[in-house]
Amino acid sequence: MDLISVVVPIYNAEKWLRDALVSLQSQSYTHLEVILVDDGSTDASAAICKEFCDNDSRFRLIRQSNAGVSTARNIGLDNANGHWIAFMDADDVMPHDAVAILMGHALESGAGIVAGRYVRDIPSKQPYGRGHSITVPSDTAILIGLYQMRILNSPCGVLYRATVFNGPHPLRFQNCRYEDLDIFYQAFERTDKICLLDRIVYFYRDTPGSFINTWSEARLDVLDVTDRIAAHMAHRSPALLRAAQDRRFSAHFNMLVEMTRLGIDNPTQTKRCLEVIRDQRMNELTDGKVRLKNKLGALLSYLGMPAIRLICRLSL
């Protein structure tokens with residue numbers, strides 16, 4: 001059995017942490033090392049981690065001053081010994097056979113990355129799916145992710161061959177928000193083929209105070225991230241450029257709507273969003289792979305900010 005390193009970044013997660021670690025401890029695939037990176041927690045998280053480390057030699061705790069989730073994941077990668085890498089957040093859980101299923105499909109497909117599905121919240125009973133999978137070239141998987149045909153940018157619920165992150169030019173998470181979107185296509189580029197598994201292997205706990213459910217200026221990091229994706233594809237893969245432009249349009253339109261809905265007064269970022277929307281909206285309307293949601297956003301943009309404000313008011 002190949003060793004799998006599971007990296008768990010932790011920050012003030014005492015409310016849910018025990019559930020997360022029990023779900024890892026209970027995995028039917030037992031050849032694991034669980035690297036717990038405590039990112040300067042001020043609650044009982046470190047004590048809970050120590051309890052698991054004292055009772056299970058597969059668990060290892062690393063403590064650091066608060067530096068953010070990207071740094072915590074990178075510390076985990078730097079200390080991982082496994083042939084394979086997985087990530088889990090401290091407030092989520094995995095079904096008991098999730099790792100075994102991911103590993104089985106990795107061996108069967110020969111893919112360097114296996115991406116399962118996830119669901120929000122943790123139901124008492126959940127149809128996991130039949131486990132069908134397709135194995136596609138990495139560029140096809142990147143295209144699927146950029147067009148948001150399937151959410152593939154989360155590192156959780158995914159199994160990576162360790163060589164994706166290591167080697168002569170190590171790949172690490174950037175210190176920004178939306179670090180998952182920023183790294184997914186770079187990781188996918190580092191393997192020839194990717195297995196997309198139609199089975200739920202991860203339960204994501206949707207907490208009201210989470211980053212994605214509250215407003216902060218850091219939410220605007222997605223604009224920089226999608227700008228970088230478009231620039232990268234223009235240089236590296238013109239065939240994926242339209243998909244990258246669609247993802248960029250989606251991010252800029254979503255942030256414009258969010259700022260408008262919440263009454264955020266940021267003329268610079270509003271202007272930035274509008275410029276990208278106006279520049280890309282015809283591509284959105286003529287690209288057959290673009291989601292209906294983005295096409296409707298492109299059409300709405302032709303009516304100007306008064307129409308966008310009206311839609312935002314009606315949605316409250």
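Leu299 has a relative accessibility of 47% and so counts as partly exposed, a class that lies between buried (under 20% relative accessible area) and exposed (over 50%), judged with a 1.4 Å probe and protein chains only. This is a predicted model, in which local features need pLDDT of at least 70 and side-chain atom pairs count only at pLDDT 80 or more, while totals for chains, interfaces and linings use all residues. Residues are numbered from 1 along each chain as its sequence is written, and side-chain values use heavy atoms, with hydrogens and water left out.

Leu299 is found in helix α10, residues 292–301, where a helix is a DSSP run (H or I) of at least four residues, numbered from the N terminus. Together with Leu292 and Leu296, Leu299 forms a nonpolar patch on the surface, with about 310 Å² of accessible area in total.

In helix α1, Leu17, Ala20, Leu21, Ser23 and Leu24 are buried. They cover an arc of only 155 degrees around the axis, which puts them on the same side of α1, the arc being that of the directions from the helix axis to the C-beta atoms.

With a disulfide taken as a pair of cysteine sulfur atoms within 2.5 Å, the count comes to 0. Two cysteines illustrate this:

| Cysteine | Nearest cysteine sulfur | Distance |
|---|---|---|
| Cys176 | Cys156 | 16 Å |
| Cys195 | Cys156 | 18 Å |

Cys176 is buried, with a relative accessible area of 15%, and Cys195 counts as buried at 0% relative accessibility.

Technical notes
Patches are made of residues with over 30% relative accessible area and no salt bridge: like charges are joined within 9 Å, nonpolar side chains (Val, Leu, Ile, Met, Phe, Trp, Tyr) within 5 Å. Accessible areas come from the Shrake-Rupley method with a 1.4 Å probe; for residues, only the protein chains shown count as cover. A salt bridge is a side-chain nitrogen of Lys or Arg within 4 Å of a carboxyl oxygen of Asp or Glu. Helices (H or I, at least four residues) and strands (E, at least two) are DSSP runs, numbered from the N terminus.
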